[in-house]
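Good morning, and thank you for the time. Please have the sequence and the model open as I speak.

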Amino acid sequence: ALGQPVVVDNRPGAAGNLAANIVAKSVPDGYTLLMANSTISNPTLFRSLPFDIRKDLEPVALIAIGPSVLVVHPSVPARNVKDFIAFAKSQPGKVTYGSGGVGNITHLEMELLSSMTGTRLIHVPYKGAAPSIIGLVSGEVQSVFSSIPSALGQIRAGRIHPLAVTILKRSSVLPDVPTMDESGVKGYDAASWYAVLAPAGTPKNVIARLGKEIVRIMAVPEVRGKFANDGFEPAGTGPAEFGKFLRAELAKWEKAIKAAGIKPE
């Protein structure tokens with residue numbers, strides 16, 4: 001669309017912050033961009049960062065949302081969120097949940113649920129999403145918030161039971177599973193997400209052009225279909241709307257992380 005080659009430069013490490021810092025320190029000419037995930041909206045998780053997301057990076061476009069699903073082991077006497085909350089409250093500090101690791105979105109989603117419902121569960125962090133699902137299937141833990149693609153096979157096999165998805169609309173992949181909001185946890189809305197940012201100081205006309213093209217491409221049915229088939233909700237919102245979304249995410253997770261007492265690393 002831009003008539004330019006695109007080079008993907010993978011810079012893993014520090015939960016994505018290594019790549020983010022490289023982009024934040026790059027020349028703001030629109031030729032160096034960051035494909036970020038939602039971890040970038042959780043600076044409270046880290047003791048010190050060499051960049052400030054609020055000052056050093058510019059929102060360009062939100063690409064897609066990756067909702068999670070709350071799933072439980074068949075031994076848990078709950079087939080809906082209301083019953084799960086009641087079960088957790090009947091055994092405070094005894095019901096367990098797995099996550100993809102401390103500070104992972106699947107950890108934060110359960111902490112957000114706990115803060116909104118007054119429940120207290122025991123956190124069992126795993127080294128990634130797949131091990132947490134294996135832990136749930138084997139009965140090591142009783143519940144997990146998982147990305148939909150990671151849990152889908154086990155849900156369809158009947159080895160784990162889905163209770164609710166974490167965004168405000170039902171997933172096209174799990175249309176019979178209600179949202180947390182529908183399940184009585186009003187206003188619950190949490191997910192991983194993927195977006196493009198640029199170095200602060202990038203000319204406004206460049207930001208606008210990049211945002212416009214990304215939004216246009218994310219409206220193409222074939223592109224949207226590919227994302228949806230992989231369990232993602234295609235977004236495609238430009239700089240202003242994504243900027244508003246990002247500010248809300250920063251505030252929401254800062255509050256949740258502090259309420260959960262998660263120590264920065």
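Let me begin with a definition: rings of Phe, Tyr and Trp, the last taken by its six-membered ring, count as a pair if their centres lie within 6.5 Å, and planes over 60 degrees apart make the pair edge-to-face. By that rule, Trp 193, Phe 242 and Phe 245 form one aromatic cluster. Please bear in mind throughout that this is a predicted model.

I shall take the cluster apart. The count of aromatic pairs comes to five. In one of them, the rings of Trp 193 and Phe 242 have centres 5.9 Å apart and planes at 75°, so this pair is edge-to-face.

Phe 245, at 24% relative accessibility, counts as partly exposed.

I turn now to charged side chains. In general terms, side chains of opposite charge can pair when their charged atoms come close. Across the whole structure, the search finds nine salt bridges, and I shall discuss three of them in detail.

Lys 169 lies in the loop between strand S6 (161–165) and strand S7 (191–199), while Glu 233 lies in strand S8, residues 233–237, so the pair ties together parts that are 64 residues apart in sequence. Is Glu 233 buried or exposed? At 10% relative accessibility, Glu 233 counts as buried.

Next, Glu 182 forms a salt bridge with Arg 170, and their closest N and O atoms are 3.0 Å apart. Both residues lie in the loop between S6 and S7, so this bridge ties together parts that are 12 residues apart in sequence. Glu 182 counts as partly exposed, at 46% relative accessibility, and Arg 170 is also partly exposed, at 38%.

Arg 209 forms a salt bridge with Glu 213, with the closest N and O atoms 3.5 Å apart. The two are four residues apart in helix H7, residues 204–217, which means that about one helical turn separates them. Arg 209 is partly exposed, at 43% relative accessibility, whereas Glu 213 is buried, with a relative accessible area of 13%. Salt bridges that share partners join Arg 209, Glu 213 and Arg 216 into one network.

Finally, a word on the strands. Thr 96 stands opposite Ile 122 in S4. From S3 the chain passes through helix H4, residues 105–117, to reach S4, and this β-α-β crossover is right-handed.

That concludes my presentation, and I welcome your questions.

How values were computed
Residues numbered from 1 in each chain as written. Predicted model: local features only at pLDDT ≥ 70, side-chain atom pairs only at ≥ 80, totals over all residues. Heavy atoms only, no water. Salt bridge = Lys/Arg side-chain N within 4 Å of Asp/Glu carboxyl O. Buried < 20%, exposed > 50% of the residue type's maximum accessible area, 1.4 Å probe, protein only. Phe/Tyr/Trp six-rings, centres within 6.5 Å; stacked < 30°, edge-to-face > 60°. Pairing = 2+ DSSP bridges. Right-handed = clockwise from strand over helix to strand, strands pointing away.
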